[in-house]
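I opened the model and kept notes in the order in which I looked things up. The entries follow.

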Amino acid sequence: MEARLTGISRRETLKYLGYSGGPLPEEVLEQLSAGEREILRRAVPRAIWRLFDRGPAGELVGTDFTPAGEDIREFLKDCDQVILMAATLGMEVEQLLRRTQARDMALAVILDAAASAAIENVCDNLCADLAETFAPRYLTERFSPGYGDLPISQQAELFRLLDIARRIGISLSESGLMVPQKSVTALIGVSDRPQIRRSRGCEACAMFADCAYRKGGTSCGKT
Amino acid sequence: MLQAAGLPVGQIPELWNCTQPETVAAVHRKYVEAGSRVLYANTFGVNRFKTAGCGRSVRELVEGGVRCARMAADGGDVKVALDIGPLGQLLEPLGTLGFEEAYDAFREILVSGERAGADLVIIETMSDLYEVKAAVLAAKENTALPVWVTMTFEASGRTFLGATVPAMGLTLSGLGVDAMGFNCSLGPEKLLPLIEELSHWTDRPLILKPNAGLPDPATGAYSMTAEDFARKLAPARELGVSIFGGCCGTTPAFIRALSAALNAAPAPRTAADRHGVCSASCTARFNGVRVIGERINPTGKKRFQQALREADIDYIVARGIEQQDAGAEILDVNVGLPGIDEPAMMRRVVKALQAAVDLPLQIDSSDPAAIEAGLRAVNGKAIVNSVNGKPEVLAAVLPLCKKYGAAVVGLCLDENGIPQDWQGRCRIAERILEAALSCGIPREDVLIDCLTLTVSAQQEQAAQTLRAVRCVTEELGLHTVLGVSNISFGLPAREQITVSFLTQALHAGLDLPIVNPNQTAVMDAVAAYRVLSGQDRDAEAYIRRFASAPAQERATAAAGAKMSIGEAIMRGLRQETKGLTGQALEQMSEMDVVDRLLIPALDAVGDSYERQEIFLPQLINAANAACEGFELVKERIAQRGGSSVSKGKIVLATVHGDIHDIGKNIVRVVLENYGYTVIDLGRDVPAEKIVEAAVRENVRLVGLSALMTTTVASMAQTIAAIRKSGHDCRIMVGGAVLTPDYAAQIGADYYARDAKQSADIAKQVLG
């Protein structure tokens with residue numbers, strides 16, 4: 001299955017920008033359209049995944065990796081298999097975001113929000129494809145390092161097991177940050193029972209760095 | 001293979017070089033038996049970043065690895081290669097690892113590898129051309145070993161970092177690698193078109209070392225058979241590929257099948273037939289007119305000189321962006337000014353430009369140290385501007401061009417000055433060409449500047465220059481460069497003369513005009529010439545250029561509408577703000593325009609933002625519009641020879657460990673547009689550097705940003721370090737995970753919730 005970017009939701013983009021209603025002047029609407037178009041044009045979505053059996057202690061069979069923490073154990077408790085996935089919009093978008101900051105900061109924040117909406121779309125599409133592939137079994141939501149008490153340091157384990165840097169070109173810094181920023185890694189459980197939807201938490205969101213809601217002490221309500 | 005031999009999952013495979021050398025050597029032997037002629041030592045993942053903390057030093061792992069391969073190779077004519085993979089840390093500008101640090105990490109591996117007895121170096125699986133350059137320079141400067149390079153491309157013809165096949169060919173040929181090609185990436189058939197493309201851009205032997213197709217996503221296993229692999233790879237011999245191998249998913253069986261399938265000799269390599277210069281992602285091929293932008297140059301530009309003296313790199317970079325947008329294809333970079341450390345400034349400007357624009361660069365200096373600093377920092381293949389016929393200049397600069405693989409501009413003058421006739425200039429061109437060839441610089445990389453003299457002073461010289469261009473083009477077969485604008489100096493309606501001369505020079509054979517691409521008439525003339533000369537097929541680019549013209553008229557029409565500066569800023573209208581500021585400056589002093597018009601307008605915008613009447617993009621649009629006004633004020637002051645207007649200096653930095661800095665950059669834009677001078681130290685900045693800048697610049701306000709819970713600790717350390725230095729200043733902090741309580745707890749004076757608040761704090765502290 002190919003990574004697919006099928007659209008950017010204007011509602012999502014505005015949400016990420018901290019928009020709280022009211023009229024949008026024509027200049028800003030033009031910037032929004034231009035930003036979304038530019039992300040769609042420049043994104044080179046890539047995704048990889050791999051299936052592992054889940055052992056009795058929660059370890060991924062055939063590896064030395066056991067996801068740490070209570071939250072992931074609880075999350076995967078009904079699952080006998082786990083998919084590790086990684087997706088990214090590519091360095092082209094990273095470079096666009098960085099370069100636009102030097103040219104036009106307003107457009108840069110719009111691109112940043114639109115790119116966040118775009119990587120969510122890529123992940124959602126991948127998960128829909130996976131759900132189809134694994135039917136009639138059921139998949140959980142995505143759960144990423146940094147959610148709950150799954151430490152961000154385990155990002156490195158996902159990178160090693162999926163060979164993420166070599167295969168789709170995401171780089172992991174020593175402090176656990178990914179470049180391109182608009183990248184997601186996650187665990188997805190596979191089970192014979194339908195899974196209830198759970199909160200993913202703000203730290204997992206691609207907008208975490210600059211979310212106006214979170215800094216205002218609220219949330220966008222999506223999680 | 002090592003995993004099949006029992007390597008525990010998760011262990012660093014290179015550790016076995018020290019602990020189980022026999023097992024590693026046994027694997028190598030299987031490949032020798034299968035027909036391998038070059039053994040890659042088990043050193044791919046060894047470097048100071050990846051193997052830190054494994055209990056063995058880089059030197060031990062490298063020496064052990066080379067020894068294991070030697071054990072298997074000895075007795076035959078099998079060569080041992082020191083295998084070098086990516087460092088695993090992203091280099092500047094997208095990452096934070098410095099070019100020089102990368103060089104140093106590679107040097108460590110290379111010195112150990114040569115000492116341990118490697119026969120050659122293979123730098124492989126690379127996707128960053130800049131990282132390759134660091135590794136190749138480290139190899140060339142610290143060892144005597146041959147260097148092979150293979151990079152990893154996607155089917156699109158680009159690496160993950162955007163490097164292209166032509167850029168790889170041009171850059172690595174220039175740096176003098178001994179063979180190059182591709183490894184990993186894709187299966188054999190998908191790499192064939194890419195290696196065909198590469199063969200046009202380099203004369204070097206070609207390498208192909210693909211994967212066994214694509215892995216199965218569910219299991220990670222590769223499914224191609226050895227025979228299939230060999231059969232699909234064999235056609236590469238007809239493209240002149242002479243070095244073959246297998247990457248992910250291949251085993252000794254694959255090598256055996258490959259040896260059997262490749263028993264015939266490869267087709268002979270033809271010489272490279274495509275030439276040019278490049279950045280990592282963008283190539284200016286020498287097969288038509290390529291415009292070189294001249295605006296990054298302080299000569300006669302007071303505002304630019306001021307930017308250089310104040311190290312206002314952003315101003316300089318903005319001139320690069322502007323020229324790229326206007327259609328320049330190569331950027332000339334000249335930062336020479338008395339009192340400036342030119343090599344340091346050249347390095348800084350080259351790196352900053354590469355972060356912001358795609359274009360290849362022309363390093364313009366008469367100081368060999370500045371030229372070398374620029375060439376070293378360049379990612380890609382540059383042009384050096386310039387040498388001339390003076391023997392001492394040729395001796396000082398040509399070896400640098402050769403070493404870094406740059407093209408070179410030769411000016412037609414020598415110790416006797418500029419010859420007054422075209423024949424004299426052509427003779428000097430010939431001498432420069434001979435000197436370059438004997439230095440090992442290929443003919444295609446010698447670009448001749450026949451020199452434009454001012455027509456108002458030496459009227460008869462225009463014809464001589466044109467004649468010389470024709471002679472160099474036709475007789476010597478060389479590409480020509482010409483600084484065109486100088487022709488019209490001292491005359492009214494300069495553009496008429498400049499454009500007319502440019503058109504005639506293009507007709508005489510000029511293909512690399514150095515011009516101001518912001519002059520529409522100049523670029524129009526180039527567009528027209530490209531149609532008439534057949535370079536612009538079906539006039540496609542020409543039609544595109546002029547079909548989009550009405551949009552500009554609309555923008556100018558809007559500017560005519562009457563509004564106040566306040567309204568223009570609130571709506572984020574840049575041109576209008578600039579126009580209205582210009583009008584205001586006719587009646588008010590610069591400081592009055594700032595304090596009575598621009599700042600109050602920004603304050604009104606800030607209030608609207610706080611009341612949530614407008615949201616972030618509008619706040620920034622307004623700040624950007626105000627910036628146009630401030631820039632106009634700065635220009636006026638620079639013209640008077642004054643220093644820039646500033647309401648005070650602020651140091652901003654994203655703390656160590658944090659590499660995402662959009663939040664800090666938003667704050668910076670807003671603060672700058674309130675008239676503060678921001679010293680932006682960037683991202684991932686160590687505490688010492690922040691303290692040093694705060695003290696050196698004697699700032700009274702420092703702003704720190706941190707994004708992750710993991711890096712708030714380094715923010716606390718930075719604050720402690722500033723306090724410990726005894727420097728008296730206020731500290732404001734902001735960032736995703738911070739709260740007012742947390743800010744107080746780590747010792748900050750202020751918590752800034754957003755960019756608007758940071759401006760309020762600055763006002764409180766600095767006025």
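**Interface.** I began with the contacts between the chains, taking two residues as in contact if their C-beta atoms, placed from the backbone, lie within 7 Å. By that test, 49 residues of chain A are in contact with 45 residues of chain B. On the chain A side, the elements that give two or more residues are helix H2 (26–42), strand E1 (46–53), H4, H5, helix H7 (164–168) and helix H8 (212–215). H4(A) has the largest share, 9 residues. I then sorted this side of chain A by residue type and got 21 nonpolar, 14 polar and 14 charged. Here Ala, Val, Leu, Ile, Met, Phe, Trp, Tyr, Cys and Pro count as nonpolar, Asp, Glu, Lys and Arg as charged, and the others, Gly among them, as polar. Helices (H or I, at least four residues) and strands (E, at least two) are DSSP runs, numbered from the N terminus.

Residues are numbered from 1 along each chain as its sequence is written, while chains are lettered from A and ligands numbered from 1 in the order in which they are written. The complex has an ipTM of 0.86 and a pTM of 0.90 from the predictor. For pLDDT, the predictor's confidence in each residue from 0 to 100, chain B averages 92, and 98% of its residues score at least 70. I marked residues 552–558 of chain B, where the pLDDT is below 50. Beyond near neighbours in sequence, that stretch has 1 contact in the model. Where pLDDT is low, the predicted coordinates should not be read in detail.

**Chain A.** I counted 8 helices and 6 strands in chain A. From the N terminus on, their order is α-α-β-α-β-α-α-β-α-α-β-β-β-α. Of its 223 residues, 53% count as buried. A residue is buried if 20 or more other C-beta atoms lie within 10 Å of its own, exposed if 12 or fewer, and partly exposed in between, with C-beta atoms placed from the backbone. Among contacts in chain A between residues at least 6 apart in sequence, 77% join residues at least 24 apart.

**Core.** A nonpolar core is a set of buried Ala, Val, Leu, Ile, Met, Phe, Trp, Tyr and Cys residues joined through C-beta atoms within 7 Å. The largest one holds 318 residues, and B:Val121 and B:Val408 touch the most other members. Helix H5 (residues 105–134) of chain A gives the most to this core, 18 residues. I listed what B:Val121 touches, leaving out residues up to four places away in sequence; among them are B:Leu82, B:Ile84, B:Leu110, B:Val147 and B:Trp148.

**Helix H11 of chain B.** I checked the length of H11(B), residues 313–326. The expected span is 1.5 Å times one less than the number of residues. For its 14 residues this gives 20 Å, and the end C-alpha atoms are 20 Å apart, which agrees. Its buried residues are B:Ile316, B:Val317, B:Arg319, B:Gly320 and B:Gln323. B:Gly327 follows H11(B) and has a positive phi, near 110 degrees.

Most residues other than glycine have a negative phi, and most peptide bonds are trans. I noted a cis bond between B:Glu92 and B:Pro93, with omega about 0 degrees. B:Pro93 sits in the loop between strand E2 (79–84) and helix H4 (99–115) of chain B. Another cis bond joins B:Asn385 and B:Ser386, with omega about 20 degrees; B:Ser386 is in strand E14 (residues 383–388) of chain B. B:Ala493 has a positive phi, near 45 degrees, and is exposed, with 8 other C-beta atoms within 10 Å.

Key:
This is a predicted model: local features need pLDDT of at least 70, side-chain atom pairs count only at pLDDT 80 or more; totals for chains, interfaces and linings use all residues.
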